[in-house]
Structures are given as structure tokens and as C-alpha cells.
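Have the viewer open and follow along.

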Amino acid sequence: PNTQAPWWRLPTAGGGLHLRLPPVQWIRSANIYTGIMEWHILRTKTLGGIVFFEGAYTTERSFVGGGIGARIRIPPSPRNNLRLDVGYGSLGWGVFANIGEQF
């Protein structure tokens, strides 16, 4: 709190780092509190899905959002996934693709 660091050194969230819907480094503040809830559908099958809700709070603003995603499991590990998430939040639409799980 009350840091003297320049704005570009403050902690960030977005773009897959703690939150997936906001663009990269879109949320920036000296204090960021984030949370994500996920419900995995057909977790052990080759094709699966997910429903998620996420939020962030800073002293300047807050963000909430949610969406759905698709998962394709690839060998050898059960945590190897190709994933695509689409959702809407207070900052607009977001699309996020990656390999692996969020956590």
C-alpha cells in the first residue's frame, strides 16, 4: 500500500494471469484481490467443458465476469488440455486459449 513505485511496476491481472477475460495487464493497482470459481463438466472424458465466474477488486475499480469453455484432453497427463474460454464481464467480451489448466 502507498507504494512509490512507478505505475508500470504495479501488480497486474488479466490475460490469463489470475484472470482470463480482461486483456493482458488491463487491471493494475498496488492492491489487487482476485477470485475464480470453476465447475468442470465431464472432467475425465476426452471432451469436456467448464463454467466459470471470476472477479477482481482494487481500490480504484472492480471487475466481475463469467463464461464457458471447452477442453480437449491430450495424453500423457490428465492435466494436459487444449482449452478455449469465452465470456463476458464488466470490461466487455473476452476470449482466452491456452494449453493446460488455469490452476
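**Ground rules.** This is a predicted model, so local features need pLDDT of at least 70 and side-chain atom pairs count only at pLDDT 80 or more, while totals for chains, interfaces and linings use all residues. Residues are numbered from 1 along each chain as its sequence is written, and side-chain values use heavy atoms, with hydrogens and water left out.

**The chain as a whole.** You're looking at zero helices and seven strands. Here helices (H or I, at least four residues) and strands (E, at least two) are DSSP runs, numbered from the N terminus. Along the sequence that reads β-β-β-β-β-β-β. Along the principal axes, the C-alpha atoms fill a box of roughly 50 × 25 × 15 Å. Of the 103 residues, 35% are buried; buried means under 20% relative accessible area, exposed over 50%, and partly exposed in between (1.4 Å probe, protein chains only). Take the contacts (heavy atoms within 4.5 Å) with a separation of 6 or more, and 35% of them come from residues 24 or more positions apart.

Five strands make an open sheet in the order 3-4-5-6-7, with antiparallel pairing. The edges are strand 3 and strand 7 (92–99), each of which pairs on one side only. On average, neighbouring strands of this sheet are turned by 20 degrees against each other, direction ignored. For that angle, axes are lines fitted to C-alpha atoms (for helices over the stretch in contact), and angles run from 0 to 180 degrees between N-to-C directions. Two strands count as paired if DSSP finds at least two bridges between them. Strands of a sheet pair through backbone hydrogen bonds, either parallel or antiparallel.

| Strand pair | Sense | Bridges |
|---|---|---|
| Strand 3 (residues 33–41) and strand 4 (residues 47–57) | antiparallel | nine bridges |
| Strand 4 and strand 5 (residues 62–73) | antiparallel | 11 bridges |
| Strand 5 and strand 6 | antiparallel | nine bridges |
| Strand 6 and strand 7 | antiparallel | eight bridges |

Methionine 37 has phenylalanine 53 of strand 4 as its bridge partner, and phenylalanine 53 in turn stands opposite glycine 66 in strand 5. Further over, isoleucine 68 faces valine 86 in strand 6, and glycine 69 faces aspartate 85 in strand 6. To reach strand 7, go from glycine 87 to glycine 94, which stands opposite.

The hairpins are worth a look too. Strand 3 and strand 4 have five residues between them, and in this hairpin leucine 42 takes a positive phi near 55 degrees.

**Strand 6 and asparagine 81.** Is asparagine 81 buried or exposed? It's buried, with a relative accessible area of 3%. Asparagine 81 belongs to strand 6 (residues 81–89). Leaving aside neighbours within four places in sequence, asparagine 81 is in contact with Arg71, Ile72, Arg73, Ile74, Asn98, Ile99, Gly100 and Glu101.

Points are joined across faces, edges and corners, and a volume is the space filled by probe spheres set on the points.

The largest pocket holds about 180 Å³. Its lining has 14 residues, with Arg43, Arg73, Pro78, Asn81 and Glu101 nearest the centre. By class, that lining has three nonpolar, five polar and six charged residues. (Ala, Val, Leu, Ile, Met, Phe, Trp, Tyr, Cys and Pro count as nonpolar, Asp, Glu, Lys and Arg as charged, and the others, Gly among them, as polar.)

A search of the whole structure turns up one cavity of 30 Å³ or more. The largest cavity has a volume of about 40 Å³, and Ile27, Ala56, Tyr57, Thr58, Arg61, Ser62, Phe63 and Leu91 line it. The lining of the largest cavity has five nonpolar, two polar and one charged residues.

Methods
On a 1 Å grid over the protein atoms alone, a cavity is a set of points where a 1.4 Å probe fits but cannot get out, and a pocket is an open set with protein on both sides within 12 Å along at least five of seven lines; lining residues have an atom within 4 Å of a point.
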